[in-house]
Amino acid sequence: MDNIDIQAIRAAFPILKREVNGKPLVYLDNGATTQKPQAVIDAIIHYYSDMNSNVHRGVHYLSQISTDAFEVTRRKVQEFIHAQHDHEVIITKGTTESINIVAQCYGKAFIHAGDEIIISAMEHHSNIVPWQMLCEDKGAFLKVIPMNEAGELDMEVYRTLLNDKTKLVAVNYVSNALGTINPIKEIIDLAHASHAVVLIDAAQAIQHIPMDVQALDVDFLVFSGHKMYGPTGVGVLYGKEALLNQMPPYQGGGDMIKEVTFEKTTYNELPFKFEAGTPNIEAGITLDAAIDFIQGIGLEHIKKYEDELLAYATEQLLTIDGLRIIGTAKEKSSVVSFVIDGTHPYDVGVILDKLGIAVRTGHHCAQPVMDQFGIPGTIRASFALYNTKEEIDALVAGVKRAVNMLI
Ligand code: C6P
């Protein structure tokens with residue numbers, strides 16, 4: 001575990017010092033949301049103590065420094081994902097809103113009756129329901145790339161699903177329920193060969209895997225700030241300039257207009273066309289500190305360290321009798337989902353909580369995944385860069401204890 005000073009990293013997250021139920025907190029629910037480093041917390045305090053003001057509106061000093069800071073984040077995101085232009089970065093509420101913007105706006109302009117949209121069998125509900133709503137609205141059809149028992153997409157079937165009716169492909173980079181890393185470059189290239197555009201849901205990838213939207217040639221990429229050590233209520237929609245320019249706005253309101261009369265409104269240019277109303281200013285501004293934090297360590301180092309944690313957790317959990325890992329793809333990231341014969345995931349989760357260990361139990365907003373495996377849900381441990389092998393040992397001991405109590 002070279003290059004990672006784990007004690008220094010842990011010290012940067014004040015919440016990791018607390019106890020839960022009289023035990024040291026072991027936080028393994030990072031797929032749901034990550035904890036925040038002191039630098040992000042300080043940035044939020046600094047924003048409200050020294051800067052609070054609306055953005056893109058005022059000539060006064062505070063409004064200008066807030067606006068500048070908000071735009072610094074936009075450029076930081078641009079650099080972080082290697083976008084060509086900063087105006088290709090739309091600041092949203094989060095992944096869910098970003099996907100809904102594409103479904104509504106791209107859908108309004110480009111999806112027609114009889115068109116087909118492809119998603120995968122391992123999508124989060126946020127990357128299923130907006131497309132179902134669009135298909136219902138437009139008389140389009142939703143097709144699903146199946147996956148095998150390991151939780152890997154069937155790329156042969158994907159090739160056969162693509163045809164000249166396919167208009168859009170929407171797939172996650174990393175599955176939140178299984179941890180599978182999908183072959184998104186291949187997915188994108190095949191879709192482009194069929195003249196379809198591609199949205200990649202990077203909600204579970206952006207904090208673990210270096211991202212380059214130009215190298216990927218992805219059309220839309222979406223993610224949330226709160227899963228990458230940043231604040232809640234902010235996310236990103238990256239879109240290629242040409243596509244965003246052709247899409248109608250999402251919501252009408254302040255900031256997204258150039259000129260309004262009662263007869264006609266002209267819309268603002270990118271990115272503001274998609275940013276109606278006052279944004280979550282403090283979250284927009286302080287996402288910058290979260291990206292600085294990640295870049296200060298380096299995603300290559302983070303990925304290497306987290307891969308070691310995942311391998312160790314997988315090996316140790318498999319020593320438990322009756323434990324089955326759901327999601328055994330060759331390429332995985334930071335998630336281990338499992339079930340244990342004779343126990344319900346919820347009961348195991350409650351016992352782990354009594355031991356101070358936070359995991360998520362249930363369907364993880366991916367009910368079709370659970371249906372395919374014929375289970376009500378899983379116990380999911382999801383890792384971040386501050387987790388340790390000792391915490392995995394605590395998880396394994398806790399699961400063993402739960403098994404002894406429940407069976
Ligand atoms: N997954 C989890 O515990 P929002 O809620 O908009 O920030 O992110 C939605 C979302 C979309 N796609 C994927 C792949 C996701 O994992 C999530 C959020 C959390 O797995 C909360 S349900």
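Analyst: What follows looks at the cysteines and then at the chain around them. The model is predicted, so local features need pLDDT of at least 70 and side-chain atom pairs count only at pLDDT 80 or more, whereas totals for chains, interfaces and linings use all residues. Residues are numbered from 1 along each chain as its sequence is written, and side-chain values use heavy atoms, with hydrogens and water left out.

A search of the whole structure finds 0 disulfides, a disulfide being a pair of cysteine sulfur atoms within 2.5 Å. Cysteine 105 is in no disulfide, and the nearest cysteine sulfur, that of cysteine 135, is 16 Å away. Cysteine 105 is buried, with a relative accessible area of 2%, and cysteine 135 is buried with a relative accessible area of 7%, where buried means under 20% relative accessible area with a 1.4 Å probe, protein chains only.

Among contacts with a separation of 6 or more, 72% join residues 24 or more positions apart, a contact meaning heavy atoms within 4.5 Å. The C-alpha atoms fill a box of roughly 70 × 55 × 35 Å, taken along the principal axes.

Terms used
Buried < 20%, exposed > 50% of the residue type's maximum accessible area, 1.4 Å probe, protein only.
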